[in-house]
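This report walks through one protein model, going from the overall fold to single residues. Please keep the sequence and the structure in view while reading.

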Amino acid sequence: AINVGFFRVFEEAFLHYNAGRLEESYWISLSGQLEAVMSVPGIREDWLGMIDVFDSEFCRYVEDNFPTI
């Protein structure tokens, strides 16, 4: 199981990117890593179990871009 802190790193980067404080190329790299993680069996269930502690825009981004694989 993955803990909240793992996803918090991606959430923080997402928020910095949206605020213009993170280079697009770096965000693209991180987003690719998040996609790879979300494709691992069981990770989506972990994510859904803790989704309520994250920023709503970040949650929407994850749900829209990394649907069930």
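This is a predicted model: local features need pLDDT of at least 70, side-chain atom pairs count only at pLDDT 80 or more; totals for chains, interfaces and linings use all residues.

A residue is called buried when its relative accessible area is under 20%, exposed when that area is over 50%, and partly exposed in between. With this cut-off in hand, the buried residues of helix α4 can be named: they are F58, C59, Y61 and V62. Seen down the axis of α4, these buried residues fall within an arc of 160°, so they line one face of the helix. The cover over the buried residues of α4 includes α1, α2 and α3.

**The chain as a whole**

The protein chain contains four helices and zero strands, and its elements follow one another from the N terminus as α-α-α-α. Its radius of gyration is 11 Å, close to the 11 Å that the globule rule gives for 69 residues, so the chain is as compact as a globular protein of that length. Along its principal axes, the C-alpha trace spans about 30 × 20 × 20 Å. Of the 69 residues, 32% count as buried, while the accessible surface of the chain comes to about 4300 Å², of which 53% belongs to carbon and sulfur atoms. Among contacts between residues at least 6 apart in sequence, 62% join residues at least 24 apart.

Helix α2 runs over residues 24-38, and its 15 residues reach 21 Å from the first C-alpha to the last, close to the 21 Å expected at 1.5 Å a residue. Which residues of α2 are buried? They are W27, L30, S31, L34, V37 and M38.

**Single residues**

| Residue | Relative accessibility | Class |
|---|---|---|
| E11 | 6% | buried |
| R44 | 9% | buried |
| S31 | 12% | buried |
| I51 | 25% | partly exposed |

E11 has its place in helix α1. Not counting residues up to four places away in sequence, E11 touches F54, D55 and F58. Its side chain also makes a polar contact with the side chain of R8, at 2.6 Å. How far apart in space are E11 and Y61, which are 50 residues apart in sequence? From C-alpha to C-alpha, E11 and Y61 are 9.8 Å apart.

R44 is found in helix α3, which covers residues 43-50. When residues up to four places away in sequence are not counted, R44 touches M38, V62, E63, F66, P67 and T68. S31, whose place is in helix α2, touches Y61 and F66 under that condition of not counting residues up to four places away in sequence.

I51 lies in the loop between α3 and α4. At 25% relative accessibility it counts as partly exposed, because that class lies between under 20% and over 50%. Leaving aside neighbours within four places in sequence, I51 is in contact with C59 and E63. The C-alpha atoms of I51 and R8 are separated by 11 Å, although these residues are 43 residues apart along the chain.

Finally, at the start of α4, a side-chain oxygen of D55 reaches to within 2.9 Å of the backbone nitrogen of E57.

Key. Residues are numbered from 1 along each chain as its sequence is written. Side-chain values use heavy atoms; hydrogens and water are left out. Helices (H or I, at least four residues) and strands (E, at least two) are DSSP runs, numbered from the N terminus. Buried means under 20% relative accessible area, exposed over 50%, partly exposed in between (1.4 Å probe, protein chains only). Contact means heavy atoms within 4.5 Å. The expected span of a helix is 1.5 Å times one less than its number of residues. A polar contact is a pair of N or O atoms within 3.5 Å; within protein, one must be able to donate a hydrogen and the other to accept it, and residues adjacent in sequence count only if both atoms are side-chain atoms. The radius of gyration is taken over C-alpha atoms; the globule rule is 2.2 Å times the number of residues to the power 0.38. Accessible areas come from the Shrake-Rupley method with a 1.4 Å probe; for residues, only the protein chains shown count as cover. The arc is that of the directions from the helix axis to the C-beta atoms.
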